[in-house]
Amino acid sequence: MAEVLAGSSRPVVIRRLDMGSNCICVHSLLFDKPCDWLVDTGASVSVLNSCIYFEIENVVRPPLAKCSVECLAADGKTALKIYGSCKMNVVMGQDSFCVPVIVADLGDLNAILGMNFIRQFNFTIDPTNSLLKSCKHGFVIPTFELSTL
């Protein structure tokens, strides 16, 4: 889907988590199955692990469109295997969102919530109160911290 990739001329770099850092994550439901998203302000797009995507029943799983974005690992050199892009209906907190994602191999991560989602709904990250907030749209999504120790 072109809107997932609009304006993307540089590769997307999926960064390695620094040991000892606390990461902000969001619980969600994806077709009634739990899926945790790492909130990554360094990622320009949201990425869903291919393992999660292919576990969704074929009759409800959105078809993948061809994807021309290159996703790179933390080293900035190793390209991740990309299967395509689609829009996923994701329940976070009390609300449902249509999230444009790239489907790729992410190892142990379920998904990455990138800046495309943060900007689309004008979210701010409130780590003190463990929330993603959108004053413009009235959305409030609880977050949790994941320690990489």
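How many helices and strands does the secondary structure of the protein chain come to? The count is three helices and 12 strands. The model is predicted.

**Confidence**

The protein chain has a mean pLDDT of 82. Of its residues, 83% reach 70 or more. Helix 2 (residues 50-55) has the highest mean pLDDT, 96. Helix 1 (residues 2-5) has the lowest, 34. Over residues 1-20 the pLDDT is below 50. This stretch still has 48 contacts in the model, beyond near neighbours in sequence. Where pLDDT is low, the predicted coordinates should not be read in detail.

| Strand | Residues |
|---|---|
| Strand 10 | 131-134 |

Strand 9 and strand 10 run antiparallel and are joined by three bridges. Which residue of strand 10 is the bridge partner of Asp126? The partner is Leu131.

**The chain as a whole**

The protein chain has 149 residues, and 43% of them are buried. Its accessible surface comes to about 8200 Å². Carbon and sulfur atoms account for 52% of that surface. Now the contacts between residues at least 6 apart in sequence: 59% of these join residues at least 24 apart.

Note on methods. Residues are numbered from 1 along each chain as its sequence is written. This is a predicted model: local features need pLDDT of at least 70, side-chain atom pairs count only at pLDDT 80 or more; totals for chains, interfaces and linings use all residues. Side-chain values use heavy atoms; hydrogens and water are left out. pLDDT is the predictor's confidence in each residue, from 0 to 100. Helices (H or I, at least four residues) and strands (E, at least two) are DSSP runs, numbered from the N terminus. Contact means heavy atoms within 4.5 Å. Two strands pair if DSSP finds at least two bridges between them. Buried means under 20% relative accessible area, exposed over 50%, partly exposed in between (1.4 Å probe, protein chains only). Accessible areas come from the Shrake-Rupley method with a 1.4 Å probe; for residues, only the protein chains shown count as cover.
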